[in-house]
Amino acid sequence: MARKTIGERLAQLEAQRKTLQIRLSKQERAIDTRRKVLIGALVLHRLEHDREVHIGGGLAEWLRRELPKFLIRDGDRDLFDDLLKPQANEPTIGNIGSGSAV
C-alpha cells in the first residue's frame with residue numbers, strides 16, 4: 001500500500017474541513033431559524049391572548065421577562081442563553097433600588 005503524499009493528505013484534510021464547515025453553517029442556520037420561530041410564536045401568542053400587553057423598558061428586557069415563562073423545553077431555553085442573561089448595565093429584580101443599577 002502506497003503512502004499518501006503530503007499534498008494528497010493536505011487535500012484530503014481541506015475537503016474534510018470544507019465538509020465540516022458546511023455542516024456547521026447548516027447547524028447555525030437551523031438554530032437561527034428555531035430562535036426566530038420561537039420569538040414569533042411568543043409575540044403571536046401574546047397578541048392573540050393579551051391585547052393589552054405593554055412592552056415597557058425595551059424589547060430586550062420584555063423578552064428576558066417573558067421568554068422564560070414561554071419556553072418549555074430546555075433545548076429551546078439554551079437557544080436564548082445570550083438573550084436571557086441580564087446585561088451588566090440593566091437593573092435586575094435583585095438590584096433595583098439597591099444603588100447597584102447604573
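Modeller: Leu-10 has its place in helix H1, which spans residues 6-49; helices here are DSSP runs of H or I of at least four residues, numbered from the N terminus. This is a predicted model, in which local features need pLDDT of at least 70 and side-chain atom pairs count only at pLDDT 80 or more, while totals for chains, interfaces and linings use all residues. Residues are numbered from 1 along each chain as its sequence is written, and side-chain values use heavy atoms, with hydrogens and water left out.

Leu-10 is exposed, with a relative accessible area of 54%, where exposed means over 50%, buried under 20% and partly exposed in between (1.4 Å probe, protein chains only). Together with Ile-6 and Leu-13, Leu-10 makes a nonpolar surface patch of about 330 Å²; such patches take residues with over 30% relative accessible area and no salt bridge, nonpolar side chains being joined within 5 Å.

Also in helix H1, Asp-32 and Lys-36 lie four residues apart, about one turn of the helix, and their side chains meet in a salt bridge at 2.9 Å, N to O. A salt bridge requires a side-chain nitrogen of Lys or Arg within 4 Å of a carboxyl oxygen of Asp or Glu. Asp-32 is partly exposed at 34% relative accessibility, whereas Lys-36 is exposed at 56%.

A further salt bridge links Arg-73 to Asp-76, with the closest N and O atoms 4.0 Å apart. Salt bridges that share partners join Arg-34, Arg-73 and Asp-76 into one network.

Key
Patches are made of residues with over 30% relative accessible area and no salt bridge: like charges are joined within 9 Å, nonpolar side chains (Val, Leu, Ile, Met, Phe, Trp, Tyr) within 5 Å. Accessible areas come from the Shrake-Rupley method with a 1.4 Å probe; for residues, only the protein chains shown count as cover. Helices (H or I, at least four residues) and strands (E, at least two) are DSSP runs, numbered from the N terminus.
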